[in-house]
Amino acid sequence: MQFGRYFEEFEIGAVYKHWPGKTVTEYDDHLFCLITMNHHPLHMDAHYAAETTDFGKNVVVGNYIYSLLLGMSVPDVSGKAIANLEVESLKHVKPTFHGDTIYGETEVLDKTPSKSKDDRGVVYVETRGYKQDGTIVCVFRRKVMVPKRSYGEARGGEQPGRPEPVA
């Protein structure tokens with residue numbers, strides 16, 4: 001199973017559909033809010049959300065959706081990354097609610113060989129997240145430094161650092 005891609009494997013215009021999706025539970029949302037100390041009642045207080053917001057129910061915190069999509073993209077995009085260089089833009093387009101299932105896909109917008117080192121390059125991608133009905137909820141663009149195949153081969157190939165079992 002391939003995990004990530006080498007620079008040579010990225011093609012401008014390619015779209016990687018991340019699998020599987022993830023159904024967001026109230027527990028997921030509340031745990032993320034508590035871990036990150038985001039105690040806004042829109043995310044944590046069902047009565048508040050029902051009585052005082054346009055949505056009438058809790059909205060999943062947007063940074064969880066972004067983090068979820070970023071994680072979904074790792075096997076297809078940044079699994080071999082040397083560095084995540086930049087998140088250029090992040091848009092929360094529509095709300096996500098408890099029980100929604102999030103799917104993601106990433107499109108390769110551009111790729112540029114490194115000017116300083118010949119064993120790597122920068123890939124520019126856009127990741128889109130959408131719900132079970134196709135509604136886009138989150139879009140972000142980022143730049144990832146990924147190795148060329150020569151970099152990977154010089155450091156152990158597809159599974160660098162993996163030990164052999166000892167009998």
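Let's start at helix 1 (residues 26-35), where the buried residues are Asp28, Asp29, His30, Phe32 and Cys33. Here "buried" means under 20% relative accessible area, "exposed" means over 50%, and "partly exposed" is in between (1.4 Å probe, protein chains only). Helices (H or I, at least four residues) and strands (E, at least two) are DSSP runs, numbered from the N terminus.

This is a predicted model, in which local features need pLDDT of at least 70 and side-chain atom pairs count only at pLDDT 80 or more, while totals for chains, interfaces and linings use all residues. Residues are numbered from 1 along each chain as its sequence is written, and side-chain values use heavy atoms, with hydrogens and water left out.

**Around helix 1**

- The cover over the buried residues of helix 1 includes strand 1, helix 2 (41-44) and helix 4 (62-78). Contact, by the way, means heavy atoms within 4.5 Å.
- After helix 1 comes Met37, and its phi is positive, near 60°.

- Two strands count as paired if DSSP finds at least two bridges between them.
- Strand 3 (residues 101-113) and strand 4 run antiparallel and are joined by eleven bridges. Across this pairing, Asp110 stands opposite Tyr124 in strand 4.
- To get from strand 3 to strand 4, the chain goes through a hairpin of six residues.
- Strand 4 also pairs with strand 5 (residues 136-147), again in the antiparallel sense and over eleven bridges. In this case Val125 stands opposite Arg142 in strand 5.
- The hairpin of strand 4 and strand 5 has four residues between the strands, and Gly134 there takes a positive phi near 95°.

**Gly129, a glycine in strand 4**

- Gly129 sits in strand 4, and at 0% relative accessibility it counts as buried.
- Gly129 and Gly104 are 25 residues apart in sequence, but 4.4 Å apart in space, C-alpha to C-alpha.
- Leaving aside neighbours within four places in sequence, Gly129 is in contact with several residues, including Leu69, Tyr103, Thr135 and Cys138.

**Rings that meet**

- Rings of Phe, Tyr and Trp (its six-membered ring) pair if their centres lie within 6.5 Å; planes under 30 degrees apart count as stacked, over 60 as edge-to-face and the rest as tilted.
- By this rule the count comes to six aromatic pairs. In one of them, the rings of Trp19 and Tyr103 have centres 6.2 Å apart and planes at 20°, so they are stacked.
- That pair links distant parts of the chain, with Trp19 in strand 1 (residues 15-23) and Tyr103 in strand 3, 84 residues apart.
- Are these two residues buried or exposed? Trp19 counts as exposed at 70% relative accessibility, while Tyr103 counts as partly exposed at 25%.
- Tyr103 also pairs with Tyr130: the ring centres are 6.2 Å apart and the planes at 25°, so this pair is stacked too. Tyr103 lies in strand 3 and Tyr130 in strand 4, so the pair ties together parts 27 residues apart in sequence.
- Put together, Trp19, Tyr103 and Tyr130 form one aromatic cluster.

**Nonpolar cores**

- A nonpolar core is a set of buried Ala, Val, Leu, Ile, Met, Phe, Trp, Tyr and Cys residues joined through side-chain atoms within 4.5 Å.
- The largest core has 15 residues, and those touching the most other members are Val24, Tyr64, Ile65, Leu68, Leu69, Ile102 and Cys138.
- Helix 1, helix 4 and strand 5 each supply at least two residues of this core, and helix 4 gives the most, with six.
- A second, separate core of ten residues includes Phe7, Phe10, Ala14 and Val144.

**Cysteines**

- How many disulfides (pairs of cysteine sulfur atoms within 2.5 Å) does a search of the whole structure find? The search finds zero.
- The sulfur of Cys33 is 15 Å from the closest cysteine sulfur, in Cys138, which is too far for a bond.
- Cys33 is buried, with a relative accessible area of 0%, and Cys138 is buried, with a value of 0%.

Key
A disulfide is a pair of cysteine sulfur atoms within 2.5 Å.
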